[in-house]
Amino acid sequence: MGANNQILTNARLVLEDDIVHGSLVIKDGMIMAVERGLSTLPGAIDCAGDLLIPGLIELHTDNMEKYFQPRPKVSWPPRSAALAHDAQMAASGITTVFDAVSIGDVDDHSMRQNALHQMVEALTEINRNGMARVDHRLHLRCEVCHPDTLARFQSLADTPELGLVSLMDHSPGQRQFASFDAYRVYYKGKHGFDDASLDAFIERQQGFSTQYSSAYRKAISQACHERGLALASHDDATVEHVAESLEYGTKVAEFPTTLEAAKASHKNGMAVMMGAPNVVRGGSHSGNIAASELVRHGVLDILSSDYYPAALLDAVFQIAAMEGGYDLPRAVACASRNPAKAVGFDDRGRISEGLRADLIRVREVDGHPLVQRVWCAGKQVH
């Protein structure tokens with residue numbers, strides 16, 4: 001039986017609304033059959049009662065950046081950096097990853113700006129030449145208050161891997177930084193500003209926001225609709241923010257900072273995304289709404305590992321175990337079916353006949369999910 005033609009048996013299959021004891025038949029990278037009970041066919045792989053869940057789909061992670069700059073002022077060769085990141089994705093059970101790269105960092109000399117095109121070129125290279133273990137796509141995070149954002153976006157807008165664009169404004173007084181005190185603490189710590197330098201920086205960023213944000217949101221969202229690209233908001237905090245996002249045709253609400261914004265987004269058909277680290281750590285590191293609170297209100301739709309890939313699978317199982325949480329099929333959907341739907345992928349995200357064989361074999365030990373095997377399009381990648 002070829003590497004892409006396999007039978008997996010004696011597994012607990014996590015389906016859309018149920019968990020069944022059964023077997024899967026994989027042929028040419030696709031799920032050909034989902035069967036209840038054990039397979040007696042020769043060569044069938046015994047999964048020893050482990051769970052089989054769909055491969056995880058990650059819509060927002062900047063994990064790749066740390067491989068391009070493993071230490072301050074240290075740049076790593078692009079292809080090696082991309083491959084190391086790819087290996088970690090596979091080991092974490094992530095079979096489709098939207099690598100988030102930032103356009104318009106507030107620090108014009110940051111690695112994010114200097115290595116922007118290197119990161120895009122490296123991930124597209126390993127994706128197209130067969131070196132990647134998993135399927136890499138591109139997510140452009142557009143800081144709409146930066147003067148160069150629109151031009152940089154336009155230079156990358158037709159990259160074939162591009163599938164998601166998010167609109168952000170991290171200027172003081174906006175969304176995540178509605179509190180000026182929180183803004184001052186964050187940027188003093190991050191950039192080492194003294195009071196005078198920070199005051200000048202705040203004045204500049206506010207001026208940029210006034211001058212560019214509205215025009216750039218409109219231009220970039222229009223370009224996305226023309227290309228069929230999914231659009232995401234970022235850090236919406238109020239019902240007014242959500243209404244603005246809806247006007248632009250936004251499909252994903254990334255990291256809403258309040259229950260009010262999350263409820264409004266969910267009610268109006270936007271998929272609400274929260275960070276898996278928020279779940280694992282028990283709350284937001286920046287003092288915003290806890291993801292577990294959105295689960296209890298039934299308005300969390302998508303999980304993202306954000307900056308810690310292993311958090312994605314951990315968070316799925318924590319949500320399934322928490323009081324007032326989701327059952328396991330619904331929790332799994334937050335990292336598979338729901339993100340797939342949000343970006344228009346109908347060929348993955350579920351265990352179902354005719355879909356890609358993107359799968360994770362998971363064993364629970366002391367309540368912790370351990371990745372045993374990972375398949376991407378039927379090929380074992382971990």
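Before the details, a word on what we are looking at. This is a predicted model, where local features need pLDDT of at least 70, side-chain atom pairs count only at pLDDT 80 or more, and totals for chains, interfaces and linings use all residues. Residues are numbered from 1 along each chain as its sequence is written, and side-chain values use heavy atoms, with hydrogens and water left out.

Back to the cysteines. A disulfide is a covalent bond between the sulfur atoms of two cysteines. Take Cys47. The closest cysteine sulfur to its own is in Cys376, 17 Å away, so a bond is ruled out by distance. Cys47 is buried, at 0% relative accessibility. Buried here means under 20% relative accessible area, exposed means over 50%, and partly exposed is in between, with a 1.4 Å probe and protein chains only. Now Cys145. Its closest cysteine sulfur belongs to Cys142, 11 Å off, again too far for a bond. Cys145 is buried too, at 1%.

Next, the helices. Helices are DSSP runs of H or I with at least four residues, strands are runs of E with at least two, and both are numbered from the N terminus. Start with α2, residues 78–91. This helix has 14 residues and reaches 20 Å from first C-alpha to last, close to the expected 20 Å. The expected span is 1.5 Å times one less than the number of residues. Which residues of α2 are buried? They are Ala81, Ala82, His85, Asp86, Met89 and Ala90. Their cover includes helices α1 (63–68) and α4 (116–128), along with strands β7 (94–103), β8 (135–143) and β15 (368–376). Contact, throughout, means heavy atoms within 4.5 Å. After α2 comes Gly93, with a positive phi near 85 degrees.

α4 is one of the elements covering α2. It has 13 residues, which should span 18 Å at 1.5 Å a residue; the end C-alpha atoms are 19 Å apart, and that agrees. Buried in α4 are Leu116, Met119, Val120, Ala122, Leu123, Thr124 and Ile126. α4 is followed by Gly130, and phi there is positive, near 85 degrees.

On to a helix pair. Two packed helices are described by the angle between their axes and the distance between the axes. Here the pair is α5 (149–156) and α7 (195–227), packed at about 10 degrees with axes 10 Å apart. Axes are lines fitted to C-alpha atoms, for helices over the stretch in contact, and angles run from 0 to 180 degrees between N-to-C directions. The two helices are therefore roughly parallel. For the terms: under 35 degrees is roughly parallel, over 145 roughly antiparallel, 65 to 115 roughly perpendicular, and the rest oblique. From α5, the contact takes in Thr149, Leu150 and Phe153; from α7, Tyr216, Ala219, Ile220, Ala223 and Cys224. That contact divides into seven nonpolar residues, one polar and no charged. Nonpolar covers Ala, Val, Leu, Ile, Met, Phe, Trp, Tyr, Cys and Pro; charged covers Asp, Glu, Lys and Arg; the others, Gly among them, are polar.

Now strand β10, residues 230–234, which holds Ser233. Is Ser233 buried or exposed? Buried, at 4% relative accessible area. Neighbours within four places in sequence aside, Ser233 contacts Leu167, Ser245, Thr250, Val252, Ala253, Glu254 and Met270. Pro277 lies 44 residues from Ser233 in sequence, and 19 Å away C-alpha to C-alpha.

Then phi. Most residues other than glycine have a negative phi. Asp235 has a positive one, near 60 degrees. Asp235 sits in the loop between β10 and α8 (239–247), and is buried at 5%. Asp306 is also not a glycine, and its phi is positive at about 60 degrees. Its place is the loop between β13 (302–304) and α12 (311–321). Asp306 is buried, at 16%.

The loop between β13 and α12 also holds Ala310. Ala310 is partly exposed, at 34%. Ala310 and Asp327 are 17 residues apart in sequence and 20 Å apart C-alpha to C-alpha.

Last, Val280, in α10 (276–281). Val280 is partly exposed, at 35%. Beyond four places in sequence, Val280 touches Ala311, Asp314, Ala315 and Gln318. Val280 and Ile319 are 39 residues apart in sequence, with 9.3 Å between their C-alpha atoms.

Key. Disulfide = S-S within 2.5 Å.
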